[in-house]
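This briefing concerns a single structure, shown below.

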Amino acid sequence: MKYEFDYDSSAVGRCLLCHRAECTKACPYGVPVARVLRSLYFDNFLGAASLLNDAPCAHCDAPCERSCVLASDKAPVSIREIFEHFQTAGADLPEHRIEDVDLSCSLCGVTLENPFIIASSTASSSYDMCRRAFEEGWAGVSFKTICSFPQHEASPRFSAIKGHGNAFLGFKNIEQLSDHGVQENMEDIRRLHEDYPNKVIISSIMGRNLDEWAQLAEESERAGAAVVELNFSCPNMEDDGLGITIGQSEELVERFTSAVRKATSLPVLAKLTPNIADMVPIALAARRGGADGIAAINTINSITGVDLDTLVAEPAVRGKSIVGGYSGNAVKPIALRFISDLSRAEGLEGMHLSGIGGVQTWRDALEFILLGAGSVQVTTAVMEYGYRIINDLVQGLEEFLQCRGVASVSELVGAASKTVVDHQDIERDTLLLPVVRADRCNGCGRCYLSCRDGGHQAIAFDEKNRLPKIDARKCVGCHLCRLVCPTSAIGVAPKAIRR
């Protein structure tokens with residue numbers, strides 16, 4: 001089954017995902033217009049279909065479009081066209097699907113109602129913020145890292161690489177740890193535990209020495225945290241011997257993990273840095289120190305760009321900048337690689353993996369789960385779109401399980417991990433040829449250009465009929481043409497050819 005609908009995603013991508021959207025208020029039929037658009041935006045197609053149902057969009061004069069905030073620029077989102085096409089396109093749904101599925105999972109023995117956690121960040125830095133996250137439906141929060149030394153923040157401290165519609169492709173921060181005192185943070189955790197006993201509170205901590213690590217762990221347990229997460233990975237600390245420098249040392253990771261393990265009976269997660277060639281030795285050191293699980297990845301050292309007017313790297317702080325932590329959807333492939341490494345590593349069997357890095361849709365989250373993550377943490381997407389994204393994360397994952405006939409999300413943990421093999425174990429003796437579907441081709445010629453200038457010159461272009469033709473004698477089966485095709489008009493031959 002393909003979890004896809006045939007619709008113009010670029011049109012939906014223009015939606016600004018407004019707060020208190022006027023389009024919903026304007027609908028005479030009570031359709032939650034903004035909610036449907038948001039579900040489409042985040043690939044929750046079946047959820048969108050259930051919300052749109054049989055709304056008579058084709059016979060409506062579209063007051064939703066006239067109320068769109070982009071209408072003032074005479075370019076509103078084409079809501080009626082999107083909805084009408086979406087309704088007629090239909091979905092490739094199975095005849096039989098199960099209704100009762102279980103999204104709950106175990107985080108080192110602690111039950112999460114679903115796999116989704118707010119990662120330690122500005123999105124989880126106070127009682128009120130965590131409260132709102134819980135009420136939206138997040139199963140847990142990793143509280144912004146608590147420390148007993150003062151923080152000195154810069155302003156501004158964020159920058160981003162953006163795509164169409166101003167959406168973040170990648171996000172950089174030079175944010176440090178919690179600027180609230182230890183006792184204030186512990187009181188927030190105590191209140192959250194008291195008010196939301198069925199939610200999971202992870203206390204993220206960082207110390208400067210063995211005593212501080214142990215003390216923060218003890219205080220976290222007394223406050224009511226369910227799990228302690230050791231921040232061995234923040235790239236933005238001013239002093240050596242903190243954050244990322246710990247996470248690059250097997251000796252320090254083992255020593256500080258051991259100190260925490262002796263100080264608390266709570267499950268312990270070691271949050272590791274990707275700013276290292278191989279994470280497995282560090283994870284093994286954490287396990288030797290008594291960690292029950294690994295959280296990965298934290299942000300990647302980066303410079304997102306330079307302002308071409310001022311000639312200063314971003315974000316500019318009084319004419320200067322620094323290397324900071326990169327996050328967002330762009331880092332997902334790197335994060336998936338580390339989760340795959342950890343899930344397949346000898347000596348780490350049975351450890352819980354909490355996947356972090358670039359999760360924006362339920363598909364992103366599921367990919368982490370399939371490669372071995374038992375829970376998933378999110379921050380950058382929340383910072384861009386708000387806590388409300390949990391609705392489509394949960395519903396999209398739930399619909400996948402129902403359509404797939406899988407009763408519990410825990411059954412999918414690591415289901416794809418064995419498909420990742422070493423280089424010498426990949427099969428290289430067969431060829432899968434791409435096939436052009438003429439009925440879907442719009443004649444743009446992108447495949448021809450890409451193959452000619454970046455591939456193997458295996459595509460000819462019929463200028464008269466504006467159709468590409470693949471030369472099987474030259475084609476090496478790289479499938480670059482499929483990736484660049486904007487209409488999915490290039491498929492795959494049903495049988496492989498022996499070279």
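Four strands form an open antiparallel sheet in the order S5-S6-S14-S11; strands are DSSP runs of E with at least two residues, helices are runs of H or I with at least four residues, and both are numbered from the N terminus. The model is predicted, so local features need pLDDT of at least 70 and side-chain atom pairs count only at pLDDT 80 or more, whereas totals for chains, interfaces and linings use all residues. Residues are numbered from 1 along each chain as its sequence is written, and side-chain values use heavy atoms, with hydrogens and water left out.

- The edge strands are S5 and S11, each of which pairs on one side only; two strands pair if DSSP finds at least two bridges between them.
- From one strand to the next, the twist averages 35 degrees, where axes are lines fitted to C-alpha atoms and angles run from 0 to 180 degrees between N-to-C directions.
- S5 and strand S6 (residues 168-173) run antiparallel and are joined by five bridges.
- Ser-159 has Lys-172 in S6 as its bridge partner.

**Nonpolar cores**

- The largest nonpolar core has 120 residues, and those with the most contacts inside it are Phe-83, Trp-138 and Ile-294.
- Such a core is a set of buried Ala, Val, Leu, Ile, Met, Phe, Trp, Tyr and Cys residues joined through side-chain atoms within 4.5 Å; buried means under 20% relative accessible area, exposed over 50%, and partly exposed in between (1.4 Å probe, protein chains only).
- Helix H3 (residues 33-41) supplies the largest share of this core, six residues.
- Leaving aside neighbours within four places in sequence, Phe-83 is in contact (heavy atoms within 4.5 Å) with Val-33, Val-36, Leu-37, Leu-40, Leu-52 and Cys-57.
- A second, separate core of twelve residues includes Leu-431, Cys-447, Cys-451 and Cys-475.

**Cis peptide bonds**

- Ser-155 and Pro-156 are joined by a cis peptide bond with omega of about -5 degrees; Pro-156 is found in the loop between strand S4 (140-146) and strand S5 (158-162).
- Another cis peptide bond joins Ala-296 and Ile-297, with omega of about 10 degrees, and Ile-297 is found in the loop between strand S10 (293-296) and strand S11 (300-302).

- Ala-62 has a phi near 60 degrees and is found in the loop between helix H4 (45-52) and helix H5 (63-67); Ala-62 counts as buried because its relative accessibility is 5%.
- Arg-466 has a positive phi of about 50 degrees and is placed in the loop between strand S19 (459-462) and strand S20 (467-470); at 40% relative accessibility, Arg-466 counts as partly exposed.
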